[in-house]
Amino acid sequence: MEFEGRYGQVQRQKYDCLLFDLDDTLYPLSSGLAAGCLKNIQDYMVEKLGIHKTKIPDLCNLLYKNYGTTMAGLRAIGYDFDYDDYHSFVHGRLPYDNLKPDPVLKSLLLGLPFRKLIFTNADEAHATKVLSRLGLEGCFEGIICFETLNPTHKTAVSDDEDDIEFVGSATPSSPGSRSSDIFDIIAHFAQPNPSAALPKTPIVCKPSEAAIERALELANINPHRTLFFEDSVRNIQAGKRVGLHTVLVGTSQRVRGADCVLESIHNIREAIPELWEADKMAEVNYSGVAVETSVTA
């Protein structure tokens, strides 16, 4: 067409939003926070829930494997506890001093012309502290965290999430430490062919596809135009199933569900250079003269 011949075509950028996991994604696993978190979870199970320490390794493994987080698994099998108390115990004694300001990552993030959000299973206090330690406080539009998807303390599984708000901060009630009936998940999997269905958890978190979809809905994110950065293979695969473009961080080995892999988040520019070409795509060639147009990210 004559019009198309005279005027350059405006290419729409591929992404509108970048969604980042927090722990072991924006900083390396070698920082020691993950190891500290695991130890604190195990101590909480012994000191607060009265679980015998000999059961802890197997129990933690089964809960994490089947529910995404140990916390979600504990609630599923019958333990009840105050969420704020749990997070305070688990995150309150982490070696945050191991995290240092990261001006290189800050510069990379600020140079990306897209919406940028954090999506973590951790509580808001932990997320805020980590971002502060890394010097990344002003790099993200918002934080989708534990309180966002779990604004109230639920004692049963429910599909009613109408009261959830983006980066919510509702505090739960003060339940007891355990219910009268605890599902023995270790004995369940010790059976040759376990047939009983596992109990469901009232906690909403990754890698649940419903949790990811809810997070996207709350933040008004189109998964098909969003790049999702994660260190967890399970979360990457769940994100891929709901339509997200995926980047696995912390490895050079491509796995099913990952569109791209980064050994370090600092490699983002080399691995995905097109992210920095979004501004160029907003130029319209009019009779051989480049005309700037606004970019909505």
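Phe20 has a relative accessible area of 0% and is therefore buried, the term applying under 20% relative accessible area, with exposed meaning over 50% and partly exposed lying in between (1.4 Å probe, protein chains only). The model is predicted, so local features need pLDDT of at least 70 and side-chain atom pairs count only at pLDDT 80 or more, while totals for chains, interfaces and linings use all residues. Residues are numbered from 1 along each chain as its sequence is written, and side-chain values use heavy atoms, leaving out hydrogens and water.

The protein chain holds twelve helices and eight strands; helices (H or I, at least four residues) and strands (E, at least two) are DSSP runs numbered from the N terminus. Of its 297 residues, 48% count as buried. Among contacts (heavy atoms within 4.5 Å) between residues at least 6 apart in sequence, 67% join residues at least 24 apart. The accessible surface comes to about 15,000 Å², with 50% belonging to carbon and sulfur atoms; areas come from the Shrake-Rupley method with a 1.4 Å probe, and for residues only the protein chains shown count as cover.

Strand β1 is covered on both faces, with Cys17 and Leu19 buried on one side and Leu18 and Phe20 buried on the other. Strands count as paired if DSSP finds at least two bridges between them. Parallel pairing over four bridges joins β1 to β2 (residues 115-119), where Ile118 is the bridge partner of Phe20. With β4 (residues 226-230), β1 also pairs in the parallel sense over four bridges, and here Thr226 is the bridge partner of Cys17. The loop between β1 and α2 contains Ser31, which is buried at a relative accessible area of 9%. Leaving aside residues up to four places away in sequence, Ser31 touches Asn98 and Leu99.

Rings of Phe, Tyr and Trp (its six-membered ring) pair if their centres lie within 6.5 Å; planes under 30 degrees apart count as stacked, over 60 as edge-to-face and the rest as tilted. By this rule there are eight aromatic pairs. The pair of Phe20 and Phe140 is edge-to-face because the ring centres are 5.7 Å apart and the planes stand at 75 degrees. This pair links distant parts of the chain, with Phe20 in β1 (residues 17-20) and Phe140 in the loop between α7 and β3 (142-144), 120 residues apart. Phe140 counts as buried, at 13% relative accessibility.

A further edge-to-face pair is formed by Tyr83 and Phe146, at 5.3 Å centre to centre and 90 degrees between the planes. Tyr83 lies in helix α5 and Phe146 in helix α8, so the pair ties together parts 63 residues apart in sequence. Both residues are buried, Tyr83 at 3% relative accessibility and Phe146 at 5%. Ring pairs link Tyr44, Phe81, Tyr83, Tyr86, Phe89 and Phe146 into a cluster.

In helix α5 (residues 83-91), the buried residues are Tyr83, Tyr86, His87, Phe89, Val90 and His91. The elements covering them include α2 (33-47), α4 (70-76), α7 (124-134) and α8 (146-149). At the start of α5, a side-chain oxygen of Asp82 comes within 2.9 Å of the backbone nitrogen of Asp84.

A charge sits over a ring if NZ of Lys or CZ of Arg is within 6 Å of the ring centre and within 35 degrees of the ring normal. The charged end of Arg93 sits over the ring of Phe89, 4.1 Å from its centre. Arg234 lies over the face of Tyr64, at 4.4 Å from the ring centre.

Key:
A polar contact is a pair of N or O atoms within 3.5 Å; within protein, one must be able to donate a hydrogen and the other to accept it, and residues adjacent in sequence count only if both atoms are side-chain atoms.
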